[in-house]
Amino acid sequence: MCGIVGYIGPKEAYPILIKGLKRLEYRGYDSAGVALLNGDLTILKKEGKVSDLEMHAEGKNKTGTVGIGHTRWATHGVPSDLNAHPHVSNSAQLAIIHNGIIENYASLKTELVKRGYTFKSDTDTEVLMNLIEDIKKEEEVDIEEALRIALNEVVGAYAIVVIDKANPDKIIAARKGSPLVIGIGDKEFYVASDASPIVEFTKEVVYLNDEEFAVLHRNGDMEIKDLGNITKTPYIQKLEMDLETIEKGGYDTFMLKEIYEQPKVIGDALRGRMNAKEGWIKLGGVSEFATRINNAERLIIGACGTSWHSGLIAEYVIEELARVPVEVEYASEFRYRNPIVTSKDVMIAISQSGETADTLAAIEIAKERQALIFGICNVIGSSISRVSHAGAYTHAGPEIGVASTKAFSTQVAILMLMALQLAQKKGSISASRLRQILYELEEIPKKIEEALTLNDEIERIAAKYFEAENFLYLGRGINFPVALEGALKLKEISYIHAEGYPAAEMKHGPIALIDENMPVLFIATNKSAHEKIVSNIQEVKARKGKVIAVINHADEVIEGLADDVIRVPETEELLSPLVSIVPLQLLSYHIALMRNCNVDQPRNLAKSVTVE
Ligand code: AGP
């Protein structure tokens with residue numbers, strides 16, 4: 001949440017910051033701002049998008065070879081010009097950008113007010129800025145020491161970058177609980193929440209660890225220390241990201257591009273990790289810990305949102321194939337109880353961003369109680385991947401649309417491989433069944449391609465329903481999580497109220513909602529529950545509900561009942577979510593466009609939820 005970017009070096013900073021903010025805008029987009037050092041400290045900030053900031057900056061002084069920029073997702077204080085970052089200290093000497101939350105900001109603010117400080121905004125960030133200034137003055141220390149002392153006093157999460165008018169030859173960056181990456185150029189440094197603003201300038205990066213701060217000098221020197229003032233040796237890594245992966249590549253939106261990338265990225269996720277002909281699966285992280293995972297008392301899946309939905313699919317698949325008990329937990333709830341976790345448990349943490357605060361906190365609890373942590377993340381080098389004992393990357397490439405699509409399908413593919421590898425090791429699957437599923441898995445990218453050809457037909461269906469105020473999504477068995485995911489996609493980007501339910505639960509309550517205005521989308525691809533699903537469809541039709549059904553080719557029974565059908569290619573039932581989710585993603589996409597919604601940056605949401 002919130003995107004931050006900084007630059008120091010020989011180039012003009014403003015164009016670099018603006019470009020970087022546009023790339024980071026998926027992290028938050030209620031206001032944006034920059035601070036530049038040019039003999040003076042220039043602050044330009046504006047409520048709205050980065051494009052609003054650019055308009056606001058027209059004709060103003062934007063010079064300076066050191067600067068910081070921010071795009072905000074509001075926590076403390078409404079979106080406004082005043083609450084936009086950067087925030088400046090009372091002396092107007094220092095400026096800060098911040099991603100995260102300072103939890104004890106209220107008590108710190110009270111103390112600072114007593115000492116004569118005044119505040120222009122409602123933010124916790126302005127409090128941190130003035131705390132640093134106060135320490136700098138009172139203790140007569142340099143800016144980095146003041147920042148270090150201040151960060152020892154704050155409780156909460158932060159990634160910050162600070163500049164000082166009196167010291168235009170350095171910028172200082174620090175992190176705890178919010179990501180921060182430093183790009184190293186030729187006598188220049190870039191700092192950002194993720195590598196997307198950096199990748200076109202350099203491939204050499206350092207991921208700052210929690211409770212570390214970096215002092216980046218214009219002459220190319222970099223010092224990294226922890227908050228105890230111990231010097232750290234920077235670990236320089238090579239970025240694997242390419243520029244084209246973070247651009248729209250001819251599509252109107254990132255979301256559409258990412259939906260269409262699914263065949264390719266599933267292929268990438270599977271490549272080198274399985275071979276149907278030879279009957280093997282080799283997911284690096286699983287190989288080493290397979291015995292421990294198979295012998296676990298329970299696998300606890302911890303995740304949020306869409307990642308939680310892929311966890312629910314994994315519960316079906318792992319229990320079916322590997323016969324290990326699985327519990328799927330909302331990480332955001334797990335952390336607020338006193339869960340029973342022991343060293344015999346394994347936590348599988350699933351996260352696209354690898355930065356979700358709730359998932360990180362759930363991991364912390366499970367780790368304290370000696371569980372093995374297996375992380376499934378998309379973002380390489382992310383916090384969750386680093387705190388896990390073992391894990392697997394999904395290799396979906398950067399996902400920029402706030403609504404998750406390709407990250408979901410690659411998570412499901414990886415979890416499927418994990419289940420198969422565990423089952424093979426345990427001997428709970430026959431060699432022929434294993435091959436059968438692996439062959440089907442290899443076919444999935446083609447079947448998704450085929451499902452994508454339904455786009456025009458889905459657009460026509462969207463045109464019939466886009467004015468609906470409510471939607472029900474129903475599925476049985478493994479299609480229940482697909483119903484949840486379809487409903488989440490619709491509400492996230494179109495703001496239509498949508499509920500996902502197990503189809504069999506309809507009669508226990510939601511059936512009361514059904515009338516001629518209620519579209520009900522059935523995911524009806526499971527052969528195992530076909531008759532039961534048909535009965536549920538009959539129940540909806542009997543109450544005049546409108547039925548849209550996702551079916552396999554040639555399902556005459558359902559075609560005869562439903563108002564609209566979407567025919568997706570048939571596959572092995574355990575793999576069917578990978579295909580049946582595609583029309584649901586497209587349906588929500590078209591409905592959102594027809595309602596004039598911004599699909600890539602839906603209101604109130606942010607891509608990576610780094611606050612609790
Ligand atoms: C997905 O469309 C959502 N934007 C959201 O639910 C997301 O899946 C959730 O915040 C978890 O994120 P993560 O996978 O990065 O941990």
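Is Tyr495 buried, partly exposed or exposed? Tyr495 comes out as partly exposed, because its relative accessible area is 25%. For the cut-offs, buried means under 20% relative accessible area, exposed means over 50%, and partly exposed is in between, with a 1.4 Å probe and protein chains only.

Before I go on, a word on what we're looking at. This is a predicted model, where local features need pLDDT of at least 70 and side-chain atom pairs count only at pLDDT 80 or more, while totals for chains, interfaces and linings use all residues. Residues are numbered from 1 along each chain as its sequence is written, and side-chain values use heavy atoms, with hydrogens and water left out.

Okay, back to Tyr495. You'll find Tyr495 in the loop between α16 (479-494) and β24 (497-502). Helices here are DSSP runs of H or I with at least four residues, strands are runs of E with at least two, and both are numbered from the N terminus. Tyr495 isn't a glycine, yet its phi is positive, about 65 degrees. The rule for that is NZ of Lys or CZ of Arg within 6 Å of the ring centre and within 35 degrees of the ring normal. Lys62 does this too, lying over the face of Tyr14 at 5.7 Å from the ring centre.

Asn229 is in the loop between β13 (222-226) and β14 (231-232), and is partly exposed at 32% relative accessible area. Then there's a cis peptide bond from His85 to Pro86, with omega near 0 degrees; Pro86 is in the loop between β4 (66-72) and β5 (87-88).

Now, rings on rings. Rings of Phe, Tyr and Trp (its six-membered ring) pair if their centres lie within 6.5 Å; planes under 30 degrees apart are stacked, over 60 edge-to-face, and the rest tilted. That rule gives six aromatic pairs. In one of them, Tyr7 and Tyr190 have ring centres 5.0 Å apart and planes at 50 degrees, so the pair is tilted. Tyr7 is in strand β1 (residues 3-8) and Tyr190 in strand β10 (residues 189-192), so the pair ties together parts 183 residues apart in sequence. Tyr7 is buried at 0% relative accessible area, and Tyr190 is buried at 2%.

Another pair is Tyr465 with Phe471, edge-to-face at 6.3 Å centre to centre and 70 degrees between the planes. Tyr465 is buried at 6%, and Phe471 is buried at 1%.

Last stop, the largest pocket. On a 1 Å grid over the protein atoms alone, a pocket is an open set of points with protein on both sides within 12 Å along at least five of seven lines, and lining residues have an atom within 4 Å of a point. The largest one has 44 lining residues, and Met241, Asn378, Ile380, Gly397 and Pro398 lie nearest its centre. Where does the largest pocket lie? Domain 1 (3-245) and domain 2 (248-451) both give residues to its lining, so the pocket lies between them. Those bounds come from an automatic or database domain assignment. The largest share of the lining, three residues, comes from α7.

Technical notes
1 Å grid on protein atoms, 1.4 Å probe; cavity = no way out; pocket = protein on both sides within 12 Å on 5 of 7 lines; lining within 4 Å.
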